[in-house]
Amino acid sequence: MGSAGSTSRQTAPVREAYSRDPMVRRGITGAPPRTRRLTRPAARLASDRGPSGRPDVDAASRRLVLTAGKDRLSVVADTDIVPSGSVLVTGAGGFIGGSLVRELRQRGVGRVRAVDIKPLDAWYQRVPDTEQRVLDLADLKACQEAVEGIDLVFNLAADMGGMGFIEANKALCMLSVLINTHLLMASRQAGVQRYFFSSSACVYAADRQVSPDVTALTEGDAYPAMPEDGYGWEKLFSERMCRHFQEDFGLHTRVARYHNVYGPLGTYEGGREKAPAAICRKVIQAQLDGSGAIEIWGDGEQTRSFTYIDDCLEGTLRLMDSDISEPLNVGSSESVTINQLVDIVEAIAGVRLKRHYRLDAPQGVRGRNSDNTMIKRLLDWEPTHPLEGGLRATYEWIASEMGLRASASV
Ligand code: NAD
């Protein structure tokens, strides 16, 4: 795999514990998928817009075109899943939520409401022809307003960030419980058809992640519970809340456990960024200021898998389209050390930097990878984008952002 060379793939059998899950035993499944399938999604996108088209669609390529800095970024749907009905995306001013709004419009979803607490000019993406609202979803009344007239809810809102943020802000992370709880309550009241919650690999028990050559995590490994303090506990609690809203109130819920999602239009500075974007930024910065050096948190031998945003969106839409109500890993199983991640970004940049290791910096667990046995079995799919290609796209986007900024400040 690219310049890093020695990546490892690890899998483990699905744990018995998972199949003993009471939800599975009771055979609870969701309502019939509220989606329609199209045989030619791109053709439909083009024809829907008529001869004049809309400003967000490139007529020649039939692709949705967005403005990212000075550059045009285009994306193409790679499946035909198109949610039907009116859709709410929360956290739409952030990385995954904004990308999901874009993807839904790309696939031809007609009515998309995008909500975030941030002022509109701070949203990472503002997708044309969507309804955009600024609301604090920790508040029940705001949640009621957000779900009014909505069929499908994708909850991507949370106060979160990379390891540097979540280790220093455990109470803030746990307060996201208000968002999911109030959104569930409002969704139930409003008769929402289906509800998606963005959980995290941080729910997994710490004692299963103590070595860099960790056995990849299966869904059953979340219990007995000992998740990441703060952020992971909130995610695990909110997963349970989704489960009990389905069991007790009949609200159909879907839960994805994302593993380190990265890509263009994500956070790359300010303290909430995650490893791939942070390393891209540091490598670019080292070139801009000529330092020739990079700081790495820990000894760089901790392992992770990183999921490209397109895979995250595809997994999200497939899971929402399915009748799977148990939490499911949505993550790449391509495991690398942080040192290997730096190797890849250096190769993309064509530089070699002196590495300074900060052993006192937040590092999270020692090793983590996604076991995709369950998602392959249930959805016949798993993330496919190789890390090197995803990092290249991410690096190029961040470089263009930082280059822009550097020249603007001259
Ligand atoms: P992000 O920080 O870019 O987006 C989250 C958005 O939620 C932000 O724009 C924020 O303003 C908004 N938000 C926070 N509090 C809010 C409130 N009270 N009301 C309304 N909006 C509020 O994060 P992201 O990377 O896009 O993550 C989206 C979801 O996926 C989160 O739930 C996150 O925990 C989960 N997740 C992300 C990753 C990852 O690697 N990015 C991994 C695992 C899970």
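**View 1. Confidence across the predicted model.** Averaged over the protein, pLDDT (the predictor's confidence in each residue, from 0 to 100) comes to 82, and 79% of the residues score at least 70. Residues 1-77 sit below 50, yet this stretch has 146 contacts in the model beyond near neighbours in sequence; a contact means that two C-beta atoms, placed from the backbone, lie within 7 Å. Where pLDDT is low, the predicted coordinates should not be read in detail. Since this is a predicted model, local features need pLDDT of at least 70 and side-chain atom pairs count only at 80 or more, while totals for chains, interfaces and linings use all residues. Numbering starts from 1 along each chain as its sequence is written.

**View 2. The shell around the ligand.** Here 26 residues surround the ligand, with Gly91, Gly94, Ile96, Ala158 and Ser200 the closest; to be near, a residue needs its C-beta atom, placed from the backbone, within 6 Å. Both α4 (95-106) and β11 (194-200) supply at least two shell residues, and α4 gives the most, with three. Helices (H or I, at least four residues) and strands (E, at least two) are DSSP runs, numbered from the N terminus. By type, the shell holds 12 nonpolar, nine polar and five charged residues, with Asp, Glu, Lys and Arg as charged, Ala, Val, Leu, Ile, Met, Phe, Trp, Tyr, Cys and Pro as nonpolar, and the others, Gly among them, as polar.

**View 3. A look at leucine 140.** This leucine 140 belongs to helix α5 (residues 140-147). Leaving out residues up to four places away in sequence, leucine 140 touches His182, Met185 and Ala186. Isoleucine 179 is 39 residues from leucine 140 in sequence, but 8.2 Å away in space, C-alpha to C-alpha.
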